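Subject: Structure handover

Hello,

Here is the structure for you to take over. My notes on it follow below.

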Amino acid sequence: MTGPVVVGFDGSSASVTAAWWAAHEALDRHLPLLLLHSWTTRPLDVPVAQEALQKQGYGARVLQRMEAELLHRHSDLTLATELVSASAARALVERSDGASMLVLGSRGRGSVAGFLLGSIGLQVLGRAHCPAVTVRADDPALPVGGRRPATADRQEVVVGVPEAGPAVDPLLEFAFTTADLRGTRLRAVRALPLTSWVSHPPIGRPDEGYETDEQGRLAAAVAPWRGKFPDTEVVYDVARGPAPQVLPAASTHALMTVLGRRRRPSARAWKLGPVTHAALHHVACPVAVVPHD
């Protein structure tokens, strides 16, 4: 990955948190950082005749202020800002083509409206060409004022692996790269639907044997990437239950949760699945959504 880390920035506390987190990611990955602000997306309560000028002025000021704060703390950061007239969703999706990562802020757990620029954030997650990460303003483990706080209870990167095959290579690559950068273990998770055990019960052995077989299949799916990252410890976690419940439960001690999203043939077909929605609502750590074929 050589493209920039792109942050959707609107001056809100959520986007400020996202910018600080993205700055650390850019430095850790040796990538440039781009702060992007869409002045046409953010409404301001000003007279119509002055609306455009006021919006542009606001955007320029918040970008300049955030740029100064980041460079004051991280003088070795390569940073650029961009003020655009296109809608936030369109601009972010366009910049994601060629970016290494897209970062969005959200106000907190349990609120769809909490994503950066409201529901536009969900559209961006569903249409981005690169991994898109959401970070929460209320997450105490995220950087504040440029300092990365202690994360003693965040000891692993969690990745949901629904199947084997080359289609999931992008999300495994992202998850392993992140775990390697953090020097932490990776937890590969697969939800085992209750219906699969009911319809195909194990014969002549305890039901734990069925889970053991699934762990073997999960390990086989992860094996090619484990070979590329031999120093990364991997834990295999197969749990019975609906995936929208299993993944959040497995992410209790995660410093990042990584999920996959199939690319859609149409740009309009951006809706996210139930597992991603559950993670975005209930997982406390940053959530990465990685597109794959």
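Helices H1 and H5 are roughly perpendicular to each other, because angles of 65 to 115 degrees count as such. This is a predicted model, and in it the two helices pack at an angle of about 85°, their axes being 11 Å apart. H1 covers residues 13–29 and H5 covers residues 169–182. On the H1 side, the contact is made by Trp-21, Glu-25, Asp-28 and Arg-29. H5 brings Phe-174, Thr-177, Thr-178, Leu-181 and Arg-182 to the contact. Sorted by class, the residues between H1 and H5 are 3 nonpolar, 2 polar and 4 charged.

Next, the largest pocket. It holds about 450 Å³ of space. Lined by 21 residues, the largest pocket has Pro-162, Gly-260, Arg-261, Val-275 and Thr-276 closest to its centre. The lining of the largest pocket counts 10 nonpolar, 5 polar and 6 charged residues.

Last, confidence. The chain has a mean pLDDT of 84, with 81% of its residues at 70 or more. Residues 110–117 have pLDDT below 50, yet this stretch has 27 contacts in the model beyond near neighbours in sequence. Where pLDDT is low, predicted coordinates should not be read in detail.

Regards

How values were computed:
Residues numbered from 1 in each chain as written. Predicted model: local features only at pLDDT ≥ 70, side-chain atom pairs only at ≥ 80, totals over all residues. Heavy atoms only, no water. Axes fitted to C-alpha atoms, helices over the stretch in contact; angles between N-to-C directions. Helix = DSSP H or I, 4+ residues; strand = E, 2+ residues; numbered from the N terminus. Parallel < 35°, antiparallel > 145°, perpendicular 65-115°, else oblique. Contact = heavy atoms within 4.5 Å. Nonpolar A, V, L, I, M, F, W, Y, C, P; charged D, E, K, R; others polar. 1 Å grid on protein atoms, 1.4 Å probe; cavity = no way out; pocket = protein on both sides within 12 Å on 5 of 7 lines; lining within 4 Å. Points joined across faces, edges and corners; volume = space filled by probe spheres on them. pLDDT = per-residue confidence, 0-100.
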